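This briefing sets out selected features of one protein model. The sequence and structure come first, followed by notes grouped by topic.

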Amino acid sequence: MNKVLIIVGDATETVDTLYPYYRLIEGGYEPVVAAPEKRLYQMVLHEVKPGWTITKEWEGYTIQADIAFKDINPDEYVGIFFSGGRAPEYIRDDEDLIRITQHFFEKNKPIASVCHGVEIPARAGCVKGRRMATVPKCQFDLEVCGGIFVNEACVIDGNMVSGRTYHDHGQYIGPWMKLLDEARDSQ
């Protein structure tokens, strides 16, 4: 089993998505882009510009979803990645995405989350008592759902690895890939 879900929607952050996508291929995995519908999605670039106090957004590349949430059998996947950007806020209430998310937590499969990606497992009721990194503006979303905010580049809590923003990819993606390798090799 070598397929890994990457959860996206319109306004998914470009670097948040593409860095793990290509690292998965490099590691011998098949990244499967999953979204509300099987179609082309617009990604964005997010950055706080010098002198700004809020995130500025530009259009980034596009990405094709390979599968719609409703068509996913989570038993076919070794791991899952929750990308950031604005997409999680808009897709987190999808019943099939909640079902999929809960599966990965219940089965203790490797999970990674960055930036606003935390909004999905938080909405799915999966963060209570869990330590996670996220962008500081999502600290409230995590804590109101019972999670513990940790302002570090890599937070490992059991089967879950998280980072704050794409600036942390070099710290948390490697440990997540190690968990994926261990899960794949134990099959």
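The model is predicted. Its largest nonpolar core has 53 residues, and a three-stranded open sheet is described alongside it.

**Nonpolar core**

- Leu 5, Ile 7 and Trp 176 have the most contacts inside the 53-residue core.
- Helix H6, residues 169-185, supplies the largest share of this core, with seven residues.
- Beyond its neighbours within four places in sequence, Ile 7 is in contact with Ala 34, Phe 69, Ile 80, Phe 81, Phe 82, Ser 83, Ile 91, Leu 97 and Ile 120.

**Asp 16**

- Asp 16 belongs to helix H1, which spans residues 14-26.
- A polar atom of the Asp 16 side chain lies 3.4 Å from the backbone nitrogen of Tyr 166.
- Setting aside residues up to four places away in sequence, Asp 16 touches Phe 81, Ser 83, Gly 84, Gly 85, Val 114, Cys 115, Thr 165, Tyr 166 and His 169.

**Open sheet**

- The three strands of the sheet are arranged in the order E2-E4-E5, and their pairing is mixed.
- Strand E2 (12-13) and strand E5 (56-64) are the edges, each pairing on one side only.
- Strand E4 (residues 40-47) and E5 run antiparallel and are joined by seven bridges.
- His 46 stands opposite Glu 57, a residue of E5.

- Ala 11 counts as buried because its relative accessibility is 9%, under the 20% cut-off.
- Asn 108 is exposed, since its relative accessible area is 52%, over the 50% cut-off.

**Tyr 90**

- Tyr 90 is part of helix H2, residues 87-91.
- With a relative accessibility of 57%, Tyr 90 counts as exposed.
- Tyr 90 and Glu 59 are 31 residues apart along the chain, and their C-alpha atoms are separated by 17 Å.

Technical notes:
Residues numbered from 1 in each chain as written. Predicted model: local features only at pLDDT ≥ 70, side-chain atom pairs only at ≥ 80, totals over all residues. Heavy atoms only, no water. Core = buried A, V, L, I, M, F, W, Y, C linked by side-chain atoms within 4.5 Å. Buried < 20%, exposed > 50% of the residue type's maximum accessible area, 1.4 Å probe, protein only. Helix = DSSP H or I, 4+ residues; strand = E, 2+ residues; numbered from the N terminus. Contact = heavy atoms within 4.5 Å. Polar contact = N/O pair within 3.5 Å; in protein donor to acceptor, adjacent residues only side chain to side chain. Pairing = 2+ DSSP bridges.
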